[in-house]
Amino acid sequence: MSLQPEDMGAVINRLRRAQGQLGGVLAMIENGRECEDVVTQLAAVSKAVDRAAFSIIATTLRQCVDAGDADSLDSKRLEKLFLSLA
């Protein structure tokens, strides 16, 4: 199932914030900031990206259920998507 841009507003916003945070991390490294500060910000970026991915999976799953599209609910494909985030 294809992603519908109109359903991805929150995901897009989350990823844009993560993009900004990642730019901040690069600047922190270039400015010689403390390791702990850099790692804390990297963890925040990682969490934001993970949440965006889970949101995409949940939205797609909801669309399949709403549409009654049982063929798109292949459990092996869904499991592979979830495990790719582990």
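Reader: Hi! Is the crossing of α2 and α3 left-handed or right-handed?

Author: In this predicted model, α2 and α3 cross in a left-handed way.

Reader: Nice. At what angle do their axes cross, and within what distance do they come?

Author: The axes of α2, residues 35-67, and α3, residues 75-84, cross at roughly 165° and come within 10 Å. An angle over 145° counts as roughly antiparallel, so α2 and α3 are roughly antiparallel to each other.

Reader: Which residues meet there?

Author: From α2 there are Phe54, Ile57 and Leu61, and they meet Leu78, Leu81 and Phe82 of α3. By type, the residues of this contact are six nonpolar, with no polar and no charged ones.

Reader: Okay, switching to α1 and α2. How do their axes cross?

Author: The α1 and α2 axes cross at roughly 160° and come within 9 Å. That makes α1 roughly antiparallel to α2. The crossing of α1 and α2 is left-handed.

Reader: And which residues of α1 and α2 meet?

Author: On the α1 side they include Val11, Leu15, Ala18, Leu22 and Ile29, and on the α2 side they include Val38, Leu42, Val45, Val49 and Ile56. Arg14 and Gln21 of α1 are also among them, as are Asp37, Gln41, Arg51 and Ser55 of α2.

Reader: How do the residues of that contact divide into nonpolar, polar and charged?

Author: The contact of α1 with α2 has 15 nonpolar residues, three polar and three charged.

Reader: Good to know. What about the largest nonpolar core, which residues make it up?

Author: Six residues do: Ala18, Val25, Met28, Val38, Val45 and Ala48. The elements giving two or more residues to this core are α1, residues 9-30, and α2.

Reader: Let's pick Val45. What is it in contact with, leaving aside neighbours within four places in sequence?

Author: With those neighbours set aside, Val45 is in contact with Ala18, Gln21, Leu22 and Val25.

Reader: New topic: where is Arg62 found?

Author: Arg62 sits in helix α2.

Reader: Why does Arg62 count as partly exposed?

Author: Its relative accessibility is 48%, so Arg62 counts as partly exposed. A residue would need over 50% to count as exposed, and under 20% to count as buried.

Reader: One last thing. What separation do the C-alpha atoms of Arg62 and Val39 have?

Author: The C-alpha atoms of Arg62 and Val39 are separated by 34 Å, and the two residues are 23 residues apart along the chain.

Reader: Thanks, that helps!

Technical notes
Residues numbered from 1 in each chain as written. Predicted model: local features only at pLDDT ≥ 70, side-chain atom pairs only at ≥ 80, totals over all residues. Heavy atoms only, no water. Axes fitted to C-alpha atoms, helices over the stretch in contact; angles between N-to-C directions. Helix = DSSP H or I, 4+ residues; strand = E, 2+ residues; numbered from the N terminus. Parallel < 35°, antiparallel > 145°, perpendicular 65-115°, else oblique. Left-handed = near helix turned anticlockwise from the far one by under 90°. Contact = heavy atoms within 4.5 Å. Nonpolar A, V, L, I, M, F, W, Y, C, P; charged D, E, K, R; others polar. Core = buried A, V, L, I, M, F, W, Y, C linked by side-chain atoms within 4.5 Å. Buried < 20%, exposed > 50% of the residue type's maximum accessible area, 1.4 Å probe, protein only.
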